[in-house]
Amino acid sequence: MRRDDSRLSSRLSSRKSSRNELKAVLNPSEQQERAFLVGVEFRTRGRAGGAGGGGKKSSAAITPSAQAARDHAASVAASSSSPSEESPGIPSDLISDFTSKDSLDELRTLASSAGAQIAGEFTQRKYRPDPATLIGKGKLEEIAGAAASVSADVILFDHDLSPSQQRNIERVVNTRVIDRTQLILDIFARHARTREGQLQVELAQLEYMLPRLTGRGKAMSQLGGGIGTRGPGETKLETDRRSIQRRIDQLKRDLDSVRRVRRQQRQRREAVPVPTVALVGYTNAGKSTLFNAITGAQVLSSARMFATLDPKLRAIELPSRRRVLLSDTVGFIRNLPHTLVSSFRATLEEVAQAEVLLHIRDASSTYGEEQKTQVEKVLGELESLSKPRIEVLNKIDLLPEDERAALLARMNSSPKDKGARGAAAAGAPGVPVSALTGEGIPALLAAIDAALHSDPIVEAELRVPQHEGAALAAIEAGMIVHTRDYEGNLVRLTVSGPASLVGRMRRFRTREG
């Protein structure tokens with residue numbers, strides 16, 4: 001009996017320690033930690049080796065498709081502890097045009113958003129990742145000394161680390177190590193407010209944590225009772241894994257329920273022809289500020305990354321008097337963790353169901369094209385890349401006067417009848433706006449109007465008896481009245497409005513415009 005009691009208390013303490021570990025991640029300490037940043041840049045060898053065959057592994061003469069295949073294979077190899085010899089070992093970061101400086105600037109912003117104080121920085125450039133420590137043991141010892149000299153509490157790597165790499169690095173630097181994915185998960189955990197957001201963040205964190213659990217062999221074993229159970233017994237590692245797996249399964253069931261509720265809400269919305277327009281874009285591009293400027297809402301808008309996690313929906317009226325739902329969604333980022341994309345599938349379904357996407361871009365950013373590429377990559381994962389898109393160049397108030405004037409001149413010189421589809425086409429300048437000052441928002445609303453293909457705008461001529469007050473009120477509220485004449489007891493109107501509303505007035509129609 002005592003043995004059973006000890007086994008039960010041991011199991012409970014095991015699960016309690018696992019929950020405490022998770023709670024520490026979800027609810028970080030309020031004390032500001034000192035972080036040491038490590039930027040990692042992997043680059044191909046120069047063409048000096050030549051296509052003439054000077055170097056055995058030169059990639060200068062391979063075709064673009066072959067290089068893309070090698071880059072993809074290298075990104076997979078870089079995340080494991082034993083990359084293939086045939087792979088050049090170049091991670092997926094190299095596919096983007098982000099420089100090491102831009103990438104480190106972004107890591108600095110992520111660290112500040114997580115509440116860390118930057119204590120120091122280090123950048124390592126290599127031709128290929130080290131399978132065991134990513135950047136090599138010699139550089140790690142150098143980083144360990146630099147981090148200790150500034151009393152760093154944590155070392156942040158601007159790269160994903162495999163479980164074995166993270167353990168090997170921590171053994172050398174003797175300091176807590178966090179990779180890029182774990183840092184982003186921590187920021188998401190800080191900003192999750194609703195139950196849905198907390199469920200999605202917890203699922204992503206547990207899926208990240210599961211392969212990183214480590215045990216200590218027999219020292220962590222728990223003895224069983226009965227024939228066939230003598231020996232080392234079940235390890236604490238195994239019980240933790242099973243407990244986390246059960247929690248993951250439960251979270252997936254809960255999120256399925258959330259997805260079912262959202263589907264029911266969407267079906268009720270679809271019963272009334274009100275299209276949805278979704279804001280998408282790189283994090284910190286000003287989506288929430290623009291959402292507030294258009295809708296008059298008071299959702300949180302912050303310079304910190306991933307300030308918005310839960311989707312927000314507000315109804316707005318377009319210049320044609322059509323009403324649409326505007327949705328603000330979570331921002332994207334370079335190398336967005338796949339666990340987050342899958343966990344936030346319920347939230348990102350608003351993007352998949354939207355009729356038009358507003359791609360919000362930071363016009364003042366020095367690497368706007370790279371950010372655009374990353375956003376389109378995530379949209380491709382959501383199978384939403386073919387949807388009509390309007391590129392919105394936000395923050396034009398931060399541009400120098402000459403750049404701003406040139407951008408507005410390009411916009412004014414574009415054909416007016418191209419509408420939003422023309423704005424989203426290749427080579428089109430997009431719609432310049434300033435969410436802070438409100439400049440360009442009327443033009444943006446007009447572009448949304450032109451992009452919508454459901455419930456199109458039609459013109460009609462109506463003759464409405466004056467005693468039909470409800471019909472006249474509906475016409476005034478939902479249509480644009482171009483002309484109004486009175487013929488005895490009738491009001492003769494020339495209007496334009498949504499086809500659904502004009503159809504309800506068919507008994508008053510005389511002809512279509």
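Modeller: Across the whole structure a search finds 25 salt bridges, a term that here requires a side-chain nitrogen of Lys or Arg within 4 Å of a carboxyl oxygen of Asp or Glu. Please bear in mind that this is a predicted model, in which local features need pLDDT of at least 70 and side-chain atom pairs count only at pLDDT 80 or more, while totals for chains, interfaces and linings use all residues. Residues are numbered from 1 along each chain as its sequence is written, and side-chain values use heavy atoms, with hydrogens and water left out.

Helices (H or I, at least four residues) and strands (E, at least two) are DSSP runs numbered from the N terminus.

Both E1 and E4 belong to an open sheet of 4 strands, ordered E2-E1-E3-E4 and paired in parallel, where pairing means that DSSP finds at least two bridges between two strands. Strand E2 (117-126) and strand E4 (176-178) each have a single partner strand, so they stand at the edges and one side of each is left without a neighbour in the sheet. On average, neighbouring strands of this sheet are turned by 20° against each other, direction ignored; axes here are lines fitted to C-alpha atoms, for helices over the stretch in contact, and angles between N-to-C directions run from 0 to 180 degrees.

The partner of E4 is strand E3 (residues 154-157), joined to E4 in the parallel sense over 3 bridges, and among these positions Leu 156 has Ile 178 of E4 as its bridge partner. Helix H5 (residues 163-173) packs on the sheet and touches both E3 and E4, its direction making about 145° with that of E4; contact means heavy atoms within 4.5 Å.

The crossing of H6 and H7 is left-handed, which is to say that the near helix is turned anticlockwise from the far one by less than a right angle, clockwise being right-handed. H6 contributes Thr 181, Gln 182, Leu 185, Phe 188 and Ala 189 to the contact, and H7 contributes Val 201, Ala 204, Gln 205 and Tyr 208. By class, this contact has 6 nonpolar, 3 polar and no charged residues, with Ala, Val, Leu, Ile, Met, Phe, Trp, Tyr, Cys and Pro counted as nonpolar, Asp, Glu, Lys and Arg as charged, and the others, Gly among them, as polar.

H6 also meets helix H3 (residues 100-113), the two axes coming within 9 Å and crossing at roughly 40°, and H3 and H6 are therefore oblique to each other. This crossing, too, is left-handed. Here Glu 106, Leu 107, Leu 110, Ala 111 and Ser 113 of H3 face Arg 180, Leu 183, Ile 184, Ile 187 and Arg 190 of H6 in the contact, whose residues divide into 6 nonpolar, 1 polar and 3 charged.

Definitions and conventions
Angles under 35 degrees count as roughly parallel, over 145 as roughly antiparallel, 65 to 115 as roughly perpendicular and the rest as oblique.
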